[in-house]
Amino acid sequence: RYHHLFTELLQHQLKRQLPKRVADLHTKASKWHEINGFPDEAIFHAFNAGNVAKAAELIEANSIPTAIAGEVYTVNNWLDRLPEDMIRSKPGLCLAQGWQSYINGQTDRAILWLDILEANLGFPAGNRLDEVDVTGLPNQEIWEALATIRSTIFAWQGKAQLSIEFSQWALEKIKTGNLNYRCILEWNLAFSSRLVGDLIVSEKAYLRSIQLGQDIENIVTVLNATVGLAQLYRVLGQLQKSEKTFLKVFELGDKYRMPYSVALGSAHIGLANVLCQMNRLDSAVEHFHQGFEIAEKWGVLDLVKANICHYRIQLAQGDLQSAMEALEKAISLAKELDQDFRGGVARALRTRLWLLQGDFDNSNHWFQREIAYDPLDRSELNEIRGITQARVLLALGNISGCLDLLEMVSINAENT
């Protein structure tokens with residue numbers, strides 16, 4: 001191998017002495033890398049050959065697999081070099097742009113690109129994908145990917161029932177198609193089932209996602225599903241099992257040399273929550289900082305959860321002001337990132353903090369405008385909301401109302 005400065009010198013001389021051969025050499029290099037399975041290099045040479053159409057073709061074919069493999073910024077760089085009108089004209093590029101926008105925390109932009117894609121595919125305006133007859137469609141992998149990302153966005157928005165319906169519909173349709181999408185859909189089903197309180201369904205779906213991910217070597221989804229399973233165990237109060245499962249994520253990260261993946265950031269934040277509950281605050285702080293650093297660099301969607309974790313640690317340390325600042329950041333980010341579930345959790349926790357500070361006016365204001373506890377709703381957010389509303393009633397002196405509400409929450413929890 002030549003030193004890179006010598007390589008640059010040779011390239012400069014080639015461009016000066018034989019400028020017409022440069023494009024031809026890049027074209028040949030692009031073809032070789034494409035045939036031999038090096039898409040990033042093939043795309044690089046296609047652009048340098050001046051063949052934007054070929055680069056777009058390669059990006060369309062490789063963007064989703066590359067993103068699923070965790071190389072998010074590689075795909076960002078590819079798409080940034082394409083003109084927007086070219087992206088709009090190709091279904092695969094619209095899908096890639098939608099996927100990337102979602103991963104980058106731009107939910108509204110992601111939905112816009114998915115709408116453009118559906119229009120390009122001829123789906124009726126205003127209809128959900130699961131209301132369209134997809135039998136015999138020529139672009140099967142496109143609509144499979146479209147269903148997967150729609151389901152994923154619904155899950156992160158906290159629209160759990162919609163995500164469940166999309167996931168179940170797509171899992172029924174995708175029998176022999178792209179197993180990467182089945183793997184992600186099982187994860188979506190697991191996460192959303194946890195949100196609505198179907199914890200047994202959630203655990204089974206997480207385990208299916210992990211097993212399928214291992215079978216097809218989709219390590220990114222294996223990591224994400226293992227994080228989700230650990231979080232489920234924390235919700236169930238199985239803290240030691242949760243800690244052990246989070247540690248498994250770090251083992252997998254080391255095994256596959258992925259020390260800075262988004263999933264590992266989530267695992268650090270999740271483990272920090274568990275350790276905080278176990279009153280192991282020094283270790284909790286250490287894992288929180290590691291998780292927050294990864295979230296800031298790679299996993300913007302985890303920043304809401306990170307700030308809620310920070311609130312819990314600061315509260316345990318008795319720093320109410322810092323705890324409130326962390327919650328305010330979480331609420332602001334949840335609104336910006338369109339994460340309704342985590343925004344609702346953060347607002348309820350802020351109310352509990354107001355109660356600790358003796359701020360009954362703001363607590364009562366939240367109580368008056370918040371959705372009332374629904375005894376038929378088994379979701380995690382509804383339970384958090386109900387317990388918080390009971391605390392407000394107690395603080396306001398309505399003891400009978402508090403006890404009645406807690407009894408409903410208790411009965412609902414026993415039926416979960």
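1. Leaving aside residues up to four places away in sequence, Gln314 touches Asp319, Ser322 and Ala323, where a contact means heavy atoms within 4.5 Å. Gln314 sits in helix α17, residues 303-316; helices here are DSSP runs of H or I of at least four residues, strands are E runs of at least two, and both are numbered from the N terminus. Its relative accessibility is 12%, so Gln314 counts as buried. The cut-offs are under 20% relative accessible area for buried and over 50% for exposed, with partly exposed in between, using a 1.4 Å probe and protein chains only. Gln314 and Leu114 are 200 residues apart along the chain, and 40 Å separates their C-alpha atoms.

2. A word on the source: this is a predicted model, in which local features need pLDDT of at least 70 and side-chain atom pairs count only at pLDDT 80 or more, while totals for chains, interfaces and linings use all residues. Residues are numbered from 1 along each chain as its sequence is written, and side-chain values use heavy atoms, with hydrogens and water left out.

3. For the overall picture, the protein chain has 22 helices and 0 strands. Of its 416 residues, 50% are buried. Along the principal axes, the C-alpha atoms fill a box of roughly 90 × 50 × 40 Å. Among contacts with a separation of 6 or more, 58% are between residues 24 or more positions apart.

4. Do have a look at Arg194, in helix α11 (residues 179-195). Is this residue buried or exposed? Arg194 counts as buried because its relative accessibility is 5%. Its side chain makes a polar contact of 2.9 Å with the side chain of Glu380. Such a contact is a pair of N or O atoms within 3.5 Å; within protein, one must be able to donate a hydrogen and the other to accept it, and residues adjacent in sequence count only if both atoms are side-chain atoms. Besides Glu380, Arg194 touches Leu199, Ser202, Gln231, Leu232, Val235 and Phe341, not counting residues up to four places away in sequence.

5. Next, helix α5 (residues 72-80), in which Val72, Thr74, Val75, Asn76, Trp78 and Leu79 are buried. What do these buried residues pack against? Their partners are α3 (39-48), α4 (52-68), α6 (84-89) and α7 (91-103).

6. Two of those partners also pack against each other: α3 and α4 meet at an angle of about 160°, their axes 8 Å apart. Axes are lines fitted to C-alpha atoms, for helices over the stretch in contact, and angles run from 0 to 180 degrees between N-to-C directions. The pair is therefore roughly antiparallel, the term for angles over 145 degrees, whereas under 35 is roughly parallel, 65 to 115 roughly perpendicular and the rest oblique. From α3, Pro39, Ala42, Ile43, Ala46 and Phe47 make the contact, and from α4, Val52, Lys54, Ala55, Leu58, Ile59 and Asn62. By class, the residues of this contact are 9 nonpolar, 1 polar and 1 charged. Here Ala, Val, Leu, Ile, Met, Phe, Trp, Tyr, Cys and Pro count as nonpolar, Asp, Glu, Lys and Arg as charged, and the others, Gly among them, as polar.

7. Compare α7 with helix α9 (residues 140-157), where the angle is about 20° and the axes are 11 Å apart. That angle makes α7 roughly parallel to α9. On the α7 side are Pro91, Gly92, Leu95, Gly98, Trp99 and Tyr102, which meet Ile142, Ala145, Leu146, Thr148, Ile149, Thr152, Ile153 and Trp156 of α9. This contact of α7 with α9 has 10 nonpolar, 4 polar and no charged residues.

8. Two backbone spots deserve a glance. Most residues other than glycine have a negative phi. Glu217, however, has a positive phi near 60°; this residue lies in the loop between α12 (199-216) and α13 (219-235). Glu217 counts as exposed because its relative accessibility is 63%. Asp338, not a glycine either, has a positive phi of about 60°, and is found in the loop between α18 (320-337) and α19 (340-356).
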